[in-house]
Each structure stands twice: as C-alpha cells, then as structure tokens.
Amino acid sequence: MRYTDIFKTWMVLCLALINFGICYVELDDEAEFQAEVEPTVTIAILARNAASNLPWFFGGIENLNYPKHRIDIWISTDHNEDDTESVLKTWIDAMKPLYHNINLTIGESSRYVDEAGEHLGHWSEMRYDNVIKLRQEALDLARHRWSDYLLMIDSDQFIHDRNLLRHLISQDKPVIAPMMNSTSLYTNFWGAVTEDGFYKRSDDYLDILERFKTGTFNVPMVHR
C-alpha cells in the first residue's frame, strides 16, 4: 500500500472518531494539506565531469513545482576530472534542509581503465556496466524506501518545465519519460523495434520528434 493510501485511510478513521474526541487534525490551509498528501518522489542523479553544467541543472531541480519535503534526492558521482564533487557538496550543504533527504555517493576519482587515450565523451564498456549498476541501485533504493515514484536523470539533462513531475505523475503509467529536445534525429525513445530487438524507425517518429503530434505515446523503449 502506498503512503498516500495509508494517509487517506487514516484520515477517514480520524474523521469517524473526531466526534468522540479521539483524533484531532489541524492544518492551516488547503495548500498545506495538499502538500502533505503529494506522492513521494526519489530523484536519482548521475553526475560526471559536470561542474560547468550543475548550476543550470540544479536550477531546474530547485524550480520544480513540487513540495521539496516530499522529494528524496540520491546523487552518484565518479571518475571525475573536474570540480564536480566540490560543486555537489556545496549545493547539498545549502539545500539539504529543504528536502526530505539528500544522499551523495562518491566513487573512484580516475578514468575508467578502458578509457585510456579516449576523449571524455567516449562510452567504454566499463562505463556502460557501471551506469547500468548505478541505475539498478537507484531503482532498488527507491523500492525499499518511502518513495512512490522514481525520476532518473543525468546532470547534462536540464528541466525547463517546472510542472514536469506533476505532469508525469498525472499520467499514471508504470514507466514514463518526457521527450528530450534534440538538435538531431536522435532522442530518448525508440518508436519501434525489429523482431531481433534492434532499432527501427516508426512511421510517426519524426512527427513526434518535431512535435507535430503531441500527447503520451506507447513506445517500446525509453532511455537516457
């Protein structure tokens, strides 16, 4: 049972018992009541060599139209060659009192072994494996904590719509993702797949990408 369902059951019980003087609830206004029953959300953030991005990234997080005390933030960073760790710690020190909780996990500080000689944007096999492990760790953490929902996001993805969380939650889907803006024909969803599970362009892919068609679409895969 979700926390919100438990809360609603508790409120019904309280209302039934108020006449007997057993239970008393006082909230200042409707907005305060609503903030207490909003679904709980874990935001899982992966950050690497992101020092220059983080001020803009965290601006989008801070600006979300959602009660901060209903948000738990989990951040993982590793293999940095810039001041990412320092920027993260500074932000956490300033913002931690406003959120339900913020946790920071810091991994190795050097490049992956199989990245030697490659540019920083190169995705090596070890990097892929580590990111998969971290995303699973975030999912397991959200499942076993107090969260109703999990939002996975990387530090190079910027939130411009402050109502993003509310909109995604309102769709009531088990897995959902906002479509990322792209300057190319590549974005964060596949419109179709082949029988072997490989990428296939759907007939409506470009119409969705260019926003000629808008709405919520059933697709075979969403990804970073």
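Is R143 buried or exposed? R143 is exposed, with a relative accessible area of 59%; exposed means over 50%, buried under 20%, and partly exposed in between (1.4 Å probe, protein chains only).

1. Basis of the note. This is a predicted model, in which local features need pLDDT of at least 70 and side-chain atom pairs count only at pLDDT 80 or more, while totals for chains, interfaces and linings use all residues. Residues are numbered from 1 along each chain as its sequence is written, and side-chain values use heavy atoms, with hydrogens and water left out.

2. The chain as a whole. The secondary structure comes to seven helices and eight strands. These are DSSP runs numbered from the N terminus: helices are H or I with at least four residues, strands are E with at least two. Of the 224 residues in the chain, 35% are buried. Take the contacts (heavy atoms within 4.5 Å) between residues at least 6 apart in sequence: 70% of them join residues at least 24 apart.

3. Salt bridges. A salt bridge is a side-chain nitrogen of Lys or Arg within 4 Å of a carboxyl oxygen of Asp or Glu. By this rule the count is five. Three of them are described below, including the one made by R143.

4. R166 and E38. The closest N and O atoms of this salt bridge are 2.7 Å apart. R166 belongs to helix 6 (residues 164–170) and E38 to the loop between helix 2 (30–37) and strand 1 (41–47), so the pair ties together parts that are 128 residues apart in sequence. R166 is partly exposed at 29% relative accessible area, whereas E38 is buried at 7%.

5. R135 and D154. Here the closest N and O atoms are 3.1 Å apart. R135 sits in helix 5 (residues 125–144) and D154 in strand 4 (residues 149–154), so parts 19 residues apart in sequence are tied together. R135 is partly exposed, with 22% relative accessibility; D154 is buried, with 6%.

6. D140 and R143. This salt bridge has its closest N and O atoms 3.8 Å apart. The two residues are three apart in helix 5, which means a separation of about one helical turn. D140 is partly exposed at 30% relative accessibility.

7. D78. This residue lies in the loop between strand 2 (71–77) and helix 4 (84–95). D78 is buried yet has no salt bridge, and the nearest side chain of opposite charge, R48, is 5.1 Å away. For charge, Lys and Arg count as positive and Asp and Glu as negative; His and the chain ends are not counted.
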